Amino acid sequence: MKKGPIKIEPFRHPISVDPNYAEKTWKVLEDAIREIHNQNASGLSFEELYRNAYNMVLHKHGPRLYEGLILTLKAHLTDIASKVEGKEGAPFLKELKKRWDEHNKSTQMIRDILMYMDRTFVVQQQKTPVFALGLELWRDHVVRNKLIQERLLAILMQLVLKERQGELIERGLIKSVTQMLEELGHSVYVEDFEKPFLASAADFYKKEAQDFITSSDCPEYLRKAEQRLQEEQERCGAYLDPSTEPKITRVVETELLRNQMTALLEMENSGLIALLRDDKYDDLARLYALMRRVDNGLPTVRSMMCEHVKDVGKAMVTDPERTKDPVEYVQALLDMRDKYEKIITQAFADDKTFRNALNQAFEFFVNLNARSPEFISLFIDDKLRRGIKGLSDTDVESVLDKVMALFRYLQEKDVFEKYYKQHLAKRLLSGRTTSDDAERNLLVKLKTECGYQFTSKLESMFTDIKTSRDTMTEFRAKLVEGGRLEELGGIDLQVQVLTTGSWPTQAQSKCNLPRELETACEAFRSFYLSTHSGRRLTFQPNMGTADLRAVFGGGRRHELNVSTYQMCILLLFNEQDSLSYKDIEQATEIPTPDLKRALQSLACVKGRNVLRKEPASKDVADTDMFYFNDKFTSKLIKVKISTVAATKEGDNEKAETRQKVEEDRKPQIEAAIVRIMKARQRLDHNTIITEVTRQLSARFVPNPATIKK
């Protein structure tokens, strides 16, 4: 046979189709759907039902099948709704859950039977798929049935309220309902449950906030608010959709915290100020954690803390009692700073913005007292003289760091420098510094903070002391070498040569030194000028000290440590037992204020009174008589008769120091103006003022009038 292409031809006779085929087939499917809804699906042949549905779609009866399904489902769901309506309370929820589970299961079976329609007809005609159709019809005919909808919401709200009031409820029922709503579509969950739930919560917490605020103090209120937030978060995890958690949290935060924030923070005896005052770290930490949740919460807390610190600090620095003792004054500032630093570290999560606010507050009130620079220098002086004795290196470092923190707040750092230089000079010259390492360490910190220029003269002072030691060694060696040691007359002479520009300026003091001391001083002068040409030496007896051996009645021997002025006075009593004030003044020519102070310390201080004064009184008058106190006794062999230590200045000295500071500022202001104008060439007046102030603010804040001048 001849091979050729295969040819398929149509049937030569038409195939007849039963005109009632669609209705008959639908009737079979409809009965099957009813049986599925009645939970009697075990006797059905799903293969046969699938084939029937398949054939209906194949023979263009898809619309009949789809419409028939809708009508059947609507009729079934109307019946379900009437059954659910008949229940109340918990049985209502149980019935709804049971019917929902059945409907879900039934719809899945129906979807399987009508799978071919889902894949072809539904897609081509852009209809809702079978399972989604089942959910939509359940939503419209059951969940949004007016009676069911109202009752469902009322029951859910009532159960949540009971739980908020401390009652136990069946959480599983609520969870099944919220899951059902979510499965019907997130918008259904939001519209039908979440929005009313949030509105109800807002009303509840608004009322509760009023109750709490009238019945609780601030810490207790915060604990309750914290507990409510935890409860709502736990409630969301137990039976609500996760998307609800941030929304309900915001409602609680708004009603319990934000709307009550001012009343809460300003509560008398328990608000923020009281918590700060009483160091309530746990309560403050809770306050911080809660307030960071709400808008403007932390800025409000920060602002209140800053104002409180300013008020407390202002009261401290303007209190006349506080300012009587500079060391106590500065220690109180350090203690106050430690207190609030600890609060920020432990309670406010080491928040930098709070630390900045604290620094701002301290800078404000520390500079209210014009004597703060002087007092801080006196505090350092006290610590370096005796306050750090016995402390470890770590503790010393800690003390210096704290003082530097206060120093940073000073706007007039140049005033501090002036006083610090005076006090450092006294420590170095008297040899009364506790630790050279601590002195150097502080100098490094000042240099780091303010630059080389700030400390250059201070470093020069240390250099002078070291150079003086070397010079004295050379001087003694020279005398021994030349056999001229007797020129010192048995005096152990120690001379410190100070560079004029580096040390605090001292007025030249006149004093008639004893002959033997004058000879020793001349010997040193000759040696020094022979090795350093072009220099001039001026002795400053007001800055020196002396050790004297003295013999009192009964042969009691003591070694007296005194100032050079006191030595000059005491040596006069080798010649006579009594001298008048005028005699002493004429013999020594010591300036009157210094002479009176020296006599006071020799004759009026109990336990140190190597002289006796008549008439006996605390002050020295021009008519007084002084006698050698033969009956002086002391348990100590070495008796130190202190010169007046570094203390607060009097009004005259204060005005003098201020004048020196102002004069020192002028060249700095002029230099800044020149620098700015060389760089900018042309500027308006206000910009110059601003720029000069900015450049000099690290050392001091210049007065605009001085800049203009």
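Which residues line the second largest cavity?

**View 1. Lining of the second largest cavity in the predicted model.** The residues that line this second largest cavity are H37, Q39, H76, I80, R99, E102, H103, S106 and W138. Two elements, α3 (62-85) and α4 (89-113), each give two or more residues to this lining, and α4 gives the most, with four residues.

**View 2. Space and residue classes of the second largest cavity.** The second largest cavity holds about 40 Å³ of space, and the residues of its lining fall into two nonpolar, five polar and two charged.

**View 3. Lining of the largest cavity.** The residues V143, Q149, L152, L153, L156, L181 and D192 line the largest cavity, for which the computed volume is about 50 Å³. Helix α8, which spans residues 146-164, gives the most to the lining of the largest cavity, contributing four residues.

**View 4. Residue classes in the lining of the largest cavity.** When the residues of this lining are sorted by class, five are nonpolar, one is polar and one is charged. For the second largest cavity, the corresponding division is two nonpolar, five polar and two charged.

**View 5. Cavities counted in the predicted model.**

Conventions. Residues are numbered from 1 along each chain as its sequence is written. This is a predicted model: local features need pLDDT of at least 70, side-chain atom pairs count only at pLDDT 80 or more; totals for chains, interfaces and linings use all residues. Side-chain values use heavy atoms; hydrogens and water are left out. On a 1 Å grid over the protein atoms alone, a cavity is a set of points where a 1.4 Å probe fits but cannot get out, and a pocket is an open set with protein on both sides within 12 Å along at least five of seven lines; lining residues have an atom within 4 Å of a point. Grid points are joined across faces, edges and corners, and a volume is the space filled by probe spheres set on the points. Ala, Val, Leu, Ile, Met, Phe, Trp, Tyr, Cys and Pro count as nonpolar, Asp, Glu, Lys and Arg as charged, and the others, Gly among them, as polar.
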